[in-house]
Amino acid sequence: MTVPADPQPLSEDQQGKLISQAVVGDHEALSQLLEYHGPAVRRILHGRIDPRWQSVLSEDDVMQETYADAFLGIARFTPQGEHSFLRWL
């Protein structure tokens, strides 16, 4: 099995451009943002699911729901400074 490489770093300017494109409906731009920020979200999530729920809820479940919510809600996202997209996720 091949492990995907970490995404290339994105400058704040690049992220801002992708966010602007995603907010107006560019799914490819949103996909790039999710690919870039997804590993950080997963690291934040790691170990935070209460053990009593782990038999019915996994990190993968939370990530999938996060991505679905991002696609459904990106049009309402308003950038508010550095790292706002990551905080929003």
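I will go through a helix, an aromatic cluster and a surface patch.

Ground rules come before that. This is a predicted model, where local features need pLDDT of at least 70, side-chain atom pairs count only at pLDDT 80 or more, and totals for chains, interfaces and linings use all residues. Residues are numbered from 1 along each chain as its sequence is written, and side-chain values use heavy atoms, with hydrogens and water left out.

Start with α3. Helices are DSSP runs of H or I, at least four residues, numbered from the N terminus. The expected span is 1.5 Å times one less than the number of residues. For the 15 residues of α3 that gives 21 Å, and the end C-alpha atoms are 21 Å apart, so the two agree.

Which residues of α3 are buried? They are M63, T66, A70 and G73. Buried means under 20% relative accessible area, exposed means over 50%, and partly exposed is in between, with a 1.4 Å probe and protein chains only. Down the axis of α3, the buried residues fall within an arc of 110 degrees, so they line one face of the helix. That arc is taken from the directions from the helix axis to the C-beta atoms. Q64 and L72 are exposed on the other side of α3.

Now the aromatics. The structure holds three aromatic pairs. F77 and F85 make an edge-to-face pair, 5.7 Å centre to centre, with 90 degrees between the planes. Rings of Phe, Tyr and Trp (its six-membered ring) pair if their centres lie within 6.5 Å; planes under 30 degrees apart are stacked, over 60 edge-to-face, the rest tilted. F77 is buried at 6% relative accessible area. F85 is buried too, at 2%.

F85 also pairs with W88, and that pair is tilted: 5.5 Å and 40 degrees. Both lie in helix α4, residues 84-88, three residues apart, about one turn. An α-helix has 3.6 residues a turn, so residues three or four places apart point the same way. W88 is partly exposed, at 32% relative accessibility. F77, F85 and W88 form one aromatic cluster.

Last stop, the loop between α2 (27-45) and α3 (59-73). L57 is found there. L57 is partly exposed, with a relative accessible area of 33%.

Methods: Helix = DSSP H or I, 4+ residues; strand = E, 2+ residues; numbered from the N terminus.
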